[in-house]
Amino acid sequence: MPKESFLKNRINGVRYALRGALLLIQTEASIKVQVFIAMVMTAAGFYFEISNTEWILQIFAIAIVLGVEGLNTAIEKLADFVQPEFDPKIGLIKDISAGAVMLVSVAATIIGLIIYCPKIF
């Protein structure tokens, strides 16, 4: 069997990643809310004409929240697959994963407040 080329493997990897991102956005309510918030914050960035540094911080905050939420969803799906019945250990794993999302969301909110409060008030 011939080995696939490096380029073809990379293209396939990007295709799978895009499919996963679309599935995440289409099927998960929490990601839908976070994508909506990201769009609102992006519009706010244009409206308030934030600086390049503020854009970098805002984009980084949005990416971290969405990325950690994606990992949280993957952990929850895997946990449900491994143990479909209630299990306190699986519950703990899910709680820790959700806690990680909360921590980065709080940090992203603080970043947003630091950027926008001086512009609003």
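Reader: Let's start with a single side chain: is Glu28 buried or exposed?

Author: Glu28 counts as buried, because its relative accessibility is 16% (buried means under 20% relative accessible area, exposed over 50%, and partly exposed in between, with a 1.4 Å probe and protein chains only). Keep in mind that this is a predicted model, in which local features need pLDDT of at least 70 and side-chain atom pairs count only at pLDDT 80 or more, while totals for chains, interfaces and linings use all residues. Residues are numbered from 1 along each chain as its sequence is written, and side-chain values use heavy atoms, with hydrogens and water left out.

Reader: Which residue does Glu28 meet in a salt bridge?

Author: The partner is Lys77, at 3.2 Å from N to O (a salt bridge is a side-chain nitrogen of Lys or Arg within 4 Å of a carboxyl oxygen of Asp or Glu). Glu28 sits in the loop between helix H1 (6–27) and H2, and Lys77 belongs to helix H3 (residues 52–82), so this pair ties together parts that are 49 residues apart in sequence. The helices here are DSSP runs of H or I with at least four residues (strands are runs of E with at least two), numbered from the N terminus.

Reader: How many salt bridges does the structure hold?

Author: There are three. Another one joins Lys119 to Glu54, whose closest N and O atoms are 3.2 Å apart. Lys119 is in helix H4 (residues 88–120) and Glu54 in helix H3, so the pair ties together parts that are 65 residues apart in sequence. Look at the accessibility as well: Glu54 is buried at 17%, whereas Lys119 is partly exposed at 32%.

Reader: And what about Asp80 and Lys94?

Author: Their side chains also form a salt bridge, at 2.5 Å from N to O. This pair links distant parts of the chain, with Asp80 in helix H3 and Lys94 in helix H4, 14 residues apart. Asp80 is partly exposed with a relative accessible area of 38%, and Lys94 counts as partly exposed at 23%.

Reader: How do the axes of H2 and H3 cross?

Author: They come within 10 Å and cross at roughly 175 degrees, which makes H2 roughly antiparallel to H3. By class, this contact has nine nonpolar, six polar and one charged residues. Among the residues that meet are Ile31, Gln34 and Val35 from H2, with Val65, Leu66 and Glu69 from H3.

Reader: What does Gln34 touch?

Author: Leaving out residues up to four places away in sequence, Gln34 touches Val65, Leu66, Glu69, Val101 and Ser105 (contact means heavy atoms within 4.5 Å). Gln34 is in helix H2 (residues 29–48) and is buried, at 15%. Leu66 is partly exposed, at 24%, and its C-alpha atom is 8.7 Å from that of Val101, 35 residues apart along the chain.

Reader: One backbone question: what is phi of Glu49 near?

Author: Most residues other than glycine have a negative phi. Phi of Glu49 is near 50 degrees, a positive value in a residue other than glycine. Glu49 lies in the loop between H2 and H3 and is exposed, with a relative accessible area of 67%.

Note on methods:
Axes are lines fitted to C-alpha atoms, for helices over the stretch in contact, and angles run from 0 to 180 degrees between N-to-C directions. Angles under 35 degrees count as roughly parallel, over 145 as roughly antiparallel, 65 to 115 as roughly perpendicular and the rest as oblique. Ala, Val, Leu, Ile, Met, Phe, Trp, Tyr, Cys and Pro count as nonpolar, Asp, Glu, Lys and Arg as charged, and the others, Gly among them, as polar.
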